[in-house]
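Please go through the model below before reading on. This briefing covers helix packing, the sheet and the helices around it.

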Amino acid sequence: MWQVFIKELIELLRDRKTLFFIIALPMVIFPVVFGVMGFLGTKAAISEQEKVIRYVLVNESVAPEFATSLFYHSDFKSMKVEVENEEDIIEKIKADELDLVIVLNKDFKAQYSNSVPSVWKIYFNGSNLIGGTKRKVEEALATFSETLQKEMLVNLGFDEEQFEVFKKPIEIEEIDTADERESFGEQLGGFIPYLLIPLCLTGAMYPAIDLGAGEKERGTIETLLLTPVSRFALVIGKFLCIFTTAIMTAMITIFSMVFWTFIVGKVFDVKEVSEVLAAVGWFEYSLIVLLLAPVAAIFSATLLAISIYASSYKEAQNYMGPMSIFVIFPVIVGMTPGISLNATWALVPVSNVALAIKELLKGTIDYSLLVPIFASTGVFAFISILFCVYWFNKESVLFR
């Protein structure tokens, strides 16, 4: 068994494709991709923040103070564009001639005098997720509304100090009992298993294809079966090789994550990042690897069984493709707000590991829940390995 394991591992490590998925992907490619995505996202957000909004004010004569404040606002630019009706307004915004149209109520002055709320219509394109048009116009309207409120209360005999108290009678002093590590873990803790667990699957997938369907395609499976090694030893040796690559991928990913986060924290002088990383000790990182071990075993045994069944490399890839989709759903649980690790979730394979990793990063895990987590994932891993051994012993599977 160990001879098969060592032989297969040496052959895999000679393969450049395997080395790419085990080392290059988690260590270099992913950090670069996420770095570029973060840079482009930040750049887009800054660009949207600095964008000057082209607007048209309809019936501006009913509120000249608001029209003046908007005209001299640095975030807004008045456009000399004629708009006739609602359809025309929508058409011009879609054609990118305007960013915003505010239609003031013609009866605003009378409504204001009679203490009746006035309805103003705001037209804009809200499809941009990071768009700042709505936020900026709401801020401008809030400032104008505050001026009107102050004017009304002064007419009623209130002075400025009373107005400030009336506007905000209660001051809230927030005292957050969560430390920086807990906040960081809550915000990003669900994303880490979303990265680690699929990478475990990816790290096991290509070695599994090579050690199963690849043997069939090369015509070496028959030669391997003629060696004085039991089929049990052969399949377990192959399984251990695939399992090792999956765990290696997870460990390299964790190292890469810690390394690049630490570098980013130092380069951009983000002390909070370095402090949070320092708070997560090697014991927690070791527990994360241990939690991933039975999950990697489930992936390795399942993928090897699929690869043994497939008659070619391409067929094995087609069978394994949907697994990536099935794995994502239980991992998403860790990113879902309101779901935390408890006795029930501790029994759900894959989801329990995702939630446990999140709790470990937060520093709030209940260590007693590790028992049902390891028990449930261990049972599924054991069943997967038994099925893989059974599958490898079927002649109809090996020589289909």
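In which sense does α16 pass α17, left-handed or right-handed? The crossing is left-handed, meaning that the near helix is turned anticlockwise from the far one by less than a right angle. This is a predicted model, in which local features need pLDDT of at least 70, side-chain atom pairs count only at pLDDT 80 or more, and totals for chains, interfaces and linings use all residues. Residues are numbered from 1 along each chain as its sequence is written, and side-chain values use heavy atoms, with hydrogens and water left out.

**Overview**
- The protein has 18 helices and four strands. These are DSSP runs numbered from the N terminus (helices: H or I, at least four residues; strands: E, at least two).
- Of its 400 residues, 42% count as buried (under 20% relative accessible area, with a 1.4 Å probe and protein chains only).
- Among contacts (heavy atoms within 4.5 Å) with a separation of 6 or more, 74% join residues 24 or more positions apart.

**The α16–α17 pair**
- Helix α16 covers residues 351–362, and helix α17 covers residues 370–392.
- Their axes come within 10 Å and cross at roughly 145 degrees. Axes are lines fitted to C-alpha atoms, for helices over the stretch in contact, and angles run from 0 to 180 degrees between N-to-C directions.
- N352, V353 and A356 of α16 meet I373, S376 and T377 of α17.

**The sheet**
- Four strands form an open sheet with mixed pairing, in the order β2-β1-β3-β4. Strands pair if DSSP finds at least two bridges between them.
- β2 and β4 (121–124) stand at the edges with a single partner strand each, so one side of each has no neighbour in the sheet.
- Direction ignored, neighbouring strands are turned by 30 degrees against each other on average.
- β1 (residues 53–58) pairs in the parallel sense with β2 (residues 76–78) over three bridges. I53 has F76 as its bridge partner in β2.
- β1 also pairs in the parallel sense with β3 (residues 100–103), over four bridges. V56 has V101 as its bridge partner in β3.

**Helices around the sheet**
- F66, A67 and L70 are buried in α3.
- The buried residues of α3 fall within an arc of 100 degrees seen down its axis, so they line one face of the helix. The arc is that of the directions from the helix axis to the C-beta atoms.
- Their cover includes β1, β2, β3 and α6 (133–155).
- α6 lies across β1, β2, β3 and β4, running at about 155 degrees to β4.

Terms used: Buried < 20%, exposed > 50% of the residue type's maximum accessible area, 1.4 Å probe, protein only.
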